[in-house]
Structure formats: structure tokens, C-alpha cells
Amino acid sequence: AEVKVNGVSCGVAWTSPYRVEISNVLKPGKNKVEIAVSNTWINRFIGDSLLPEKQRITYTYNPIYRLDDKKITTSGLIGPVRILSDK
């Protein structure tokens, strides 16, 4: 997930602990926080396997994810979003 605060990209969180530093772009009062979440590769591969070959987005020489043996995994923004302070 890419995190932007007040239009400034603060980084991408793709592994645990899923945190980015935003203190340098916060301002007093209201702030605009945007979180753009991507799907998982597993879901992308499974989804593409359902499409005609010419419409697929992803390609791999070793198609290890297929709908018949894997289930679509939960993805997206899961759980609470918190802004933590050192103060």
C-alpha cells in the first residue's frame, strides 16, 4: 500500500510491520491521508488464469497459482489504520 499525506508520497508498506513515516509531512489541523492498496500476486495470477491469454496482465513460466488448487486470498486494507506518535 502506498501512503500519501497532503499529496506527498510517504512510502510503500508491503511487509510487516506495515508502517511508513509521515511525521515530516503532517501539518497542524486537517491532513489528507490517502492509502492506495494493491491486490496480491496470488489473486492476480488466479484472476488472469480465468481470462483469455491475450487479455492477461501477468505472465510466468511457472504457473504455480491456479483456481482449481488455490482460493482467492483476502486482500485490500484489512484492519484498523492508526497514526502513532512518539510524544
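1. Radius of gyration is taken here over C-alpha atoms, and the globule rule is 2.2 Å times the number of residues to the power 0.38. By that rule a compact globule of 87 residues would have a value near 12 Å, but the chain has 18 Å. The C-alpha trace spans about 50 × 25 × 20 Å along its principal axes.

2. Some ground rules. The model is predicted, so local features need pLDDT of at least 70 and side-chain atom pairs count only at pLDDT 80 or more, while totals for chains, interfaces and linings use all residues. Residues are numbered from 1 along each chain as its sequence is written, and side-chain values use heavy atoms, with hydrogens and water left out.

3. Secondary structure. Helices (H or I, at least four residues) and strands (E, at least two) are DSSP runs, numbered from the N terminus.

4. Burial and surface. Buried residues make up 11% of the 87 residues in the chain; buried means under 20% relative accessible area, exposed over 50%, and partly exposed in between, with a 1.4 Å probe and protein chains only. The chain exposes about 7,500 Å², and carbon and sulfur atoms supply 54% of that area. The areas come from the Shrake-Rupley method with a 1.4 Å probe; for residues, only the protein chains shown count as cover.

5. Contacts. A contact means heavy atoms within 4.5 Å. Among contacts in the chain with a separation of 6 or more, 41% are between residues 24 or more positions apart.

6. The core. In soluble globular proteins, nonpolar side chains tend to be buried together. Here the largest nonpolar core has five residues in all: Val-3, Val-5, Cys-10, Ile-22 and Val-25. Such a core is a set of buried Ala, Val, Leu, Ile, Met, Phe, Trp, Tyr and Cys residues joined through side-chain atoms within 4.5 Å. Leaving aside residues up to four places away in sequence, Val-25 touches Val-5, Asn-6, Val-8, Cys-10 and Asn-31.

7. Asp-48. This residue sits in helix α1, residues 41-49, and is buried at 1% relative accessible area. Beyond residues up to four places away in sequence, Asp-48 touches Arg-56, Ile-57 and Thr-58.

8. Pro-28. The loop between β2 (8-12) and β3 (33-36) holds Pro-28, which counts as exposed at 79% relative accessibility. Its C-alpha atom is separated by 29 Å from that of Gly-76, 48 residues apart along the chain.

9. Backbone points to check by eye. Most residues other than glycine have a negative phi, and most peptide bonds are trans. Ser-16 and Pro-17 are joined by a cis peptide bond, with omega about 15 degrees; Pro-17 lies in the loop between β2 and β3. Tyr-18 is placed in the loop between β2 and β3, has a positive phi near 55 degrees, and counts as exposed at 56% relative accessibility. Asn-6, in the loop between β1 (2-5) and β2, has a positive phi of about 55 degrees although it is not a glycine. At 26% relative accessibility Asn-6 is partly exposed.

10. Charges. The mean positions of the 13 positive and 8 negative charges are 5 Å apart. Lys and Arg count as positive and Asp and Glu as negative, while His and the chain ends are not counted. Each charge is placed at NZ of Lys, CZ of Arg, CG of Asp or CD of Glu.
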